[in-house]
Every structure is written in C-alpha cells, then in structure tokens.
Amino acid sequence: MSVPPVLSRLRIPVIGAPLFIISNPDLVIAQCKAGVVGSFPALNARPAPVLHEWLDRITTELGEYNDKNPDRPAAPFAVNQIVHRTNDRLMHDVEACVKFKVPVVITSLGAREDVNQAIQSYGGITLHDIISNTFARKAIEKGATGLIAVAAGAGGHAGTISPFALVQEIREWFDGPLALSGSIASGAAVLGAQAMGADFGYIGSAFIATDEANAEEAYKQMIVDSKADDIVYSNLFTGIHGNYLKPSVVNAGLDPDNLPVSDPSAMNFGSGGNTDKKAWRDIWGCGQGIGAVKSIGPAAVMIDRLVAEYEAAKARLLAA
C-alpha cells in the first residue's frame, strides 16, 4: 500500500477529523505539533475572508515550529471542503487552499475533478470521505488521491457498513492511501484499523474533549460521561443520517427513541430538516468510540495517550 510522502512521517498514523464549528487553528496547531494531522472545515472560518487569516496563522506557526524542531517537525495540516451544491463558498475556499498550498484537502459530500486537480496542481493531496465501496470508486475515478472510509459508529454524518466489510471491499481494488473512521478513539483501535488494511485511523469525537476545541464545556463533559449506548443515529437534523449524543437530543426537548425521519431534500448543514433545533449547536454530534475518553485535557496529552496505547498494543501482539 502506498502512503504519500507528506503523510509518511507522523508520530502515530492518525488524522484528526475536521469537526464542524469545533475545529479551529488552536486545535489544528496543537494536533500537528503533537505529531498527527490536524484539520478543520473551511466553513468554520467565517466570514469567508477569515479563512485566509486562519491559513496564514497555521502555516506561519507550524513553519516557525519546524525551524526550531528540525528533528521532530510538525505533521501536515488539512482543510475540509464540502463539495456540495449548497456550499456557495467552495471555489473561494479552494482558491485559498491553492494560495497557501494546503498539504491535504479532505473533500466531503461530492467529488469533483476540478477540485482534485486544483489541489494536486501544487503537490497537495486530496482525501475523499465515502460511506460505501460504490462511492469510493466514484471518488477515485474523479481523481481523488485517497479515501476516508466512514464506517458504522463514526461521529457526525456516518455510514452504516461495518469497517471490516468496507475496508475489505476497497482493498480488493485500491492500494492508495486509506483512512478509516468509525469508533476509533484509542491507540489500540488505530492499530486495529491498520490490521484491517487501512493506513490511518481517523479520529474526531475524542478531540472534542480537549482544551483547544471550540466546544461548550457541557459538550466536552458529555463526551467524557457517555458511552456507545448514548449515541443515536438520525437524519432529522441535517437531512443526512448521522450519530449524535442522546443526552443532547433529550436536552433539546426531543425523544431520541422516537425521532421522525427528515426529508433529505431539506439538507442543511447548520440546521435540521423538520426541527428548529440546530446541529451542531443544540444537537451534538459524536461517534460510538467515546468510551475511551475519560477526561478533558490538552490535545497533546490525548495524543500522548494514543501513542502509548498504540505501542502497548503492538507489544502485546509481538508477545502473543
């Protein structure tokens, strides 16, 4: 399997998922300095000109860090682009990525050849979110460098296919870079993803409970206090099925066990189809792997935990 040079020197094979509203320069910079790919959705930078400010800060601070730490440079960062007709900022944001030569661009909810070509024109790579083997093939046909398999149990807009099945089917025909998303919140889970055939673990929900994350303290504490049984899968809030914290649904005055089905044509990434409760403001997204999150703290400390667990899991396998 082929890993692009830009992703070959990570401290642990982890890509931090872009978290709507939550990911910001503070979190991205902390993730990269600690040795994993940090990312954020371009739409988090509002209004649109703020994206240039964020990219300037991230590239400058990581560049200064690398000058001072040539033996242990920061990991690259990534920007997530929503490639969907409802995103009227797409080309503005892609142009910003080209200007700042963003190393990795993660595309979601649509695959476009022109976006892939723009990022790859300066040596960047594109990784596309997919929830099925069918969508994976379409993404590669349209020029994506690699894939992010969003399997059952992932936070936010998750798929329903088992990670075992999804990775297996993709690896039958694709040997390029592949990240796996779905309940990965420990170093052992990262190693498990690699054992299945993925190159990277794709971790999102666990990073919500970090000091740098732009999330309410109640949200962070709910991550710590919750387990897999506390996740509900629904398309009510955005028109696309996703995983959310049940306690946040209850707090919004809704019954998590009896949520209506939304009309997919009402798709809106800031507010839900048939409810005035907004994802991700009122209804908090989260994946099933949060049982591994025991406390709130700096992102670097969480990454240290992942590294220790990853090495311990490898040692157990060698000793078996």
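This is a predicted model: local features need pLDDT of at least 70, side-chain atom pairs count only at pLDDT 80 or more; totals for chains, interfaces and linings use all residues.
**Entry 1: α7 and α11**

I started with helix α7 (residues 187-196) and helix α11 (residues 299-319), whose axes come within 6 Å and cross at roughly 55 degrees.

From α7 I get Gly187, Ala188, Val190, Leu191 and Gln194. On the α11 side they meet Leu306, Glu309, Tyr310, Ala313, Lys314, Arg316 and Leu317. Sorted by class, this contact has seven nonpolar, two polar and three charged residues.

**Entry 2: α2 and α3**

I then looked up helix α2 (residues 50-68) against helix α3 (residues 90-100) and got an angle of about 25 degrees, with the axes 10 Å apart. So α2 is roughly parallel to α3, the cut-off for that being under 35 degrees. The crossing of α2 and α3 is right-handed.

For the contact, α2 puts in Leu51, His52, Leu55, Asp56 and Thr59. Helix α3 answers with His92, Asp93, Ala96, Cys97, Lys99 and Phe100. I sorted the residues of the α2 contact with α3 by class as well: five are nonpolar, three polar and three charged.

**Entry 3: the cavity**

How many cavities of 30 Å³ or more does the structure hold? I found one. The largest cavity has about 30 Å³ of space in it.

I listed its lining: Thr107, Ala111, Arg112, Val115, Asn116, His128, Ala139 and Ala144. That lining divides into four nonpolar, three polar and one charged. Arg112 is the charged one in that list.

**Entry 4: the second largest pocket**

Last, I checked the second largest pocket, which comes out at a volume of about 230 Å³. Its lining runs to 13 residues. Which of them lie nearest the centre? I wrote down Arg9, Leu10, Pro73, Ala74 and Ala75. By class, I have seven nonpolar, one polar and five charged residues around this pocket.

Methods
Residues are numbered from 1 along each chain as its sequence is written. Side-chain values use heavy atoms; hydrogens and water are left out. On a 1 Å grid over the protein atoms alone, a cavity is a set of points where a 1.4 Å probe fits but cannot get out, and a pocket is an open set with protein on both sides within 12 Å along at least five of seven lines; lining residues have an atom within 4 Å of a point. Grid points are joined across faces, edges and corners, and a volume is the space filled by probe spheres set on the points. Axes are lines fitted to C-alpha atoms, for helices over the stretch in contact, and angles run from 0 to 180 degrees between N-to-C directions. Helices (H or I, at least four residues) and strands (E, at least two) are DSSP runs, numbered from the N terminus. Angles under 35 degrees count as roughly parallel, over 145 as roughly antiparallel, 65 to 115 as roughly perpendicular and the rest as oblique. A crossing is left-handed if the near helix is turned anticlockwise from the far one by less than a right angle, and right-handed if clockwise. Contact means heavy atoms within 4.5 Å.
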